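Okay, everyone, thanks for coming. Let me put the thing up on the screen, and then I'll walk you through it.

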Amino acid sequence: MPASLLVGETLDAPRFVSVGEAASPQSNQKPFDEPDCILPALDRYDGDANDSQVTRRVSETTNGQSRPAHKISPLIRLRGARPCRYRQFCLLQSWEGTVTSKQGDTFLARLVDLHVRTNPIEIAEIPIDEIPVPDRCLLALGTVFYWSIGYETKPGGQLTRASEIRVRRSPVWSHRDIDEMKARAKELEAWLGYDVHGDNEESPAPAQ
Amino acid sequence: MTSTATTKSRPPRHNEIEISLFGPGIGECLVIHPGLNRWMIVDSCLNESRQRSIALDYLEELGVDASSQIEWVLATHWHDDHIAGLAGIINRATSAKFACSAALRCREFLDLVSIHDKMLLVEDTSGISEFEEVIRILQHRTHRHGKGPDLWANANMRILQNSFGVEVWALSPSAQSVTNGLGEIARLLPKPREIIRRFPVMDANDQSVVLRIDSPSQSFLLGADLEIQADTRCGWRAILAEPHRVSAAYKVAHHGSPNADCQEIWDRLVVRDACALLTPFAAGRVPRPSDEDVARLKRCTNRLYCTVWPSTKKPPRRQGVDKTMNEVTKMRRAIHTKSGHIRVRAPLDYSSDIQIELFDGAKQL
């Protein structure tokens with residue numbers, strides 16, 4: 001039974017403690033001086049609280065008397081970085097990809113480096129399994145996707161390398177878009193000045 | 001045979017024909033001097049920094065005035081790897097005429113060009129956007145005669161003729177290929193409620209413009225990306241159905257791919273042991289030319305040259321990124337943009353000498 005378990009009071013400085021060690025050199029509390037004492041239960045740990053202000057409630061002893069407030073040191077405390085609460089992603093590299101062909105359970109894509117534009121274009125064959133399930137129905141020739149590689153930090157501090165492929169959600173062609181397209185094509189045809197299917201000034205057949 | 005930088009910047013003589021082939025890992029470009037200090041550019045690809053057409057860089061190096069000395073600019077087909085930077089060339093070559101495949105002469109292609117604004121959703125645009133830019137530039141030119149492309153090239157059409165007797169002929173697309181192209185382009189047109197996507201690569205190779213340059217002494221065949229089709233009225237079979245002059249040099253079609261090659265081309269359209277020029281294509285599932293392609297081509301000629309052998313070097317990445325990429329992908333390959341250069345020069349007299357020069361990593365296979 002660790003004698004350093006203290007009750008009720010605000011803790012000023014967390015530190016590592018071992019079983020039997022007194023929390024404070026000045027403490028004159030004798031360990032286990034009450035044969036019927038019950039270990040105070042750490043019923044809640046507030047991780048968001050300031051480390052110097054961790055408080056504890058304790059249960060009463062069997063004889064119904066409340067204990068005076070004492071400091072509580074945590075059993076184990078990691079010094080240094082605090083665990084993050086949310087998932088974090090540190091991007092290392094990303095590409096814009098375009099699907100150029102599909103064959104079986106893989107597709108071929110053309111990748112453009114979004115970080116260093118002078119890097120050469122890369123061609124990659126990627127298994128369809130790498131695409132999130134909801135996006136797989138969107139895969140077709142010409143589909144655009146974004147591939148990101150980086151380090152993911154999970155809540156709790158675990159660091160892993162992560163690869164994410166997201167298919168771009170593009171709008172659909174509307175009737176208005178098609179009508180504008182046809183109107184513009186008609187202008188181009190008029191600018192060409194003759195029927196698009198008209199004749200060139202043909203040259204004679206080549207000499208053999 | 002590998003030449004130095006000092007010889008590279010030596011322009012051709014006015015009575016000397018030149019065919020320069022550029023090809024990085026994706027795309028190709030031909031810069032042709034048919035004589036008389038006039039130039040023709042066929043297709044376009046970008047330089048290493050992907051900022052400008054390689055053709056403009058080369059002509060600038062030779063001291064050629066792009067605004068007055070470029071006579072023709074031709075797009076063999078509208079795949080984005082063959083016309084990247086074409087709008088920049090048109091913009092500079094203010095006195096040049098523009099020619100493209102007759103298969104694009106249809107309302108459906110104008111429809112495709114007209115919807116470019118919607119396609120600005122993506123970083124990496126397609127050949128359609130390049131064509132749209134070309135048309136926009138042509139529209140703003142008021143001093144030119146006529147409007148739009150000056151020539152819609154199809155089979156058996158002469159594009160250029162000069163006083164040295166040099167002629168440039170289009171051998172394709174055939175009439176049937178043009179008709180087939182209408183249907184294929186129409187299938188690409190968006191329909192209401194379809195998701196807006198980047199245009200997929202259409203199989204436009206059947207509508208490619210194959211050229212033959214005839215000088216008084218010899219001919220040069222430029223195969224574009226034309227393929228062998230089952231229909232004898234389309235592709236190479238349509239060309240082989242007619243007699244043609246044999247050529248001393250051949251720009252191998254479709255990066256040496258087997259679907260664009262047959263023994264008949266070598267037997268009937270080019271001389272024995274002709275100079276064969278090749279550009280790589282690294283953007284497909286199988287990079288071209290593959291080792292099998294090279295072995296097959298070397299059975300037809302001992303003089304096979306490639307602008308650059310695709311590098312397998314990947315761009316530098318952080319260790320974690322590289323590791324993750326290897327875990328996620330089954331295959332990945334970088335397409336390097338540094339282009340090699342093969343230059344063919346021959347006098348325009350009745351001599352049959354051909355000089356081959358290799359620059360910037362081009363090599364004989």
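So, the side chains of Asp206(B) and Ser177(B) are joined by a polar contact of 3.3 Å; a polar contact here is a pair of N or O atoms within 3.5 Å, where within protein one must be able to donate a hydrogen and the other to accept it, and residues adjacent in sequence count only if both atoms are side-chain atoms. Before I go on: this is a predicted model, where local features need pLDDT of at least 70, side-chain atom pairs count only at pLDDT 80 or more, and totals for chains, interfaces and linings use all residues. Residues are numbered from 1 along each chain as its sequence is written, chains are lettered from A and ligands numbered from 1 in the order in which they are written, and side-chain values use heavy atoms, with hydrogens and water left out.

Back to Asp206(B). The side chain of Asp206(B) also reaches the backbone nitrogen of Gly235(B), at 3.3 Å. Where does Asp206(B) lie? In the loop between α8 (175-188) and β9 (211-214) of chain B; helices (H or I, at least four residues) and strands (E, at least two) are DSSP runs, numbered from the N terminus. And is Asp206(B) buried or exposed? Asp206(B) counts as buried because its relative accessible area is 5%, the scale being buried under 20%, exposed over 50% and partly exposed in between, with a 1.4 Å probe and protein chains only. Leaving aside neighbours within four places in sequence, Asp206(B) is in contact with residues including Pro173(B), Asn180(B), Leu226(B) and Cys234(B), contact meaning heavy atoms within 4.5 Å.

Ile89(B) counts as buried because its relative accessibility is 0%. Its contacts beyond four places in sequence include Ile41(B), Ser44(B), Leu56(B) and Val73(B). Take Leu56(B): it's 33 residues from Ile89(B) in sequence, but C-alpha to C-alpha the two are 6.8 Å apart in space.

Now the sheet in chain B. We have an open sheet of 8 strands with mixed pairing, in the order β7-β8-β9-β10-β11-β12-β13-β17; two strands pair if DSSP finds at least two bridges between them. β7 and β17 (363-364) are the edge strands, each pairing on one side only. Further in, β12 (residues 270-278) and β13 (residues 303-306) run parallel and are joined by 4 bridges. Cys275(B) has Arg303(B) in β13(B) as its bridge partner.

Over to chain A. Chain A has 1 helix and 5 strands, running β-β-β-β-β-α from the N terminus on. Of its 208 residues, 37% count as buried. Among contacts in chain A with a separation of 6 or more, 56% come from residues 24 or more positions apart.

Look at β1(A), residues 88-103. It pairs antiparallel with β4(A), residues 144-153, over 10 bridges, and Ser94(A) has Ser148(A) as its bridge partner there. β1(A) is also joined by 8 bridges to β2(A), residues 106-113, again antiparallel, with Lys102(A) opposite Phe107(A). β1(A) and β2(A) make a hairpin with 2 residues between them, and Gly104(A) in the turn has a positive phi of about 65°.

So what happens between the chains? In contact are 67 residues of chain B and 68 residues of chain A. The two chains bury about 6600 Å² between them, 58% of it on carbon and sulfur atoms; buried area is the accessible area (1.4 Å probe) that two parts lose on being put together, summed over both. On the chain B side, Arg105(B), Arg285(B) and Val328(B) lose the most area to chain A, together 12% of what that side buries.

There are 6 salt bridges between the chains, a salt bridge being a side-chain nitrogen of Lys or Arg within 4 Å of a carboxyl oxygen of Asp or Glu. Arg285(B) makes one with Glu125(A), with the closest N and O atoms 2.9 Å apart.

β3(A), residues 121-127, and β14(B) run antiparallel and are joined by 5 bridges, with Glu122(A) opposite Ala334(B). Okay, that's me done.
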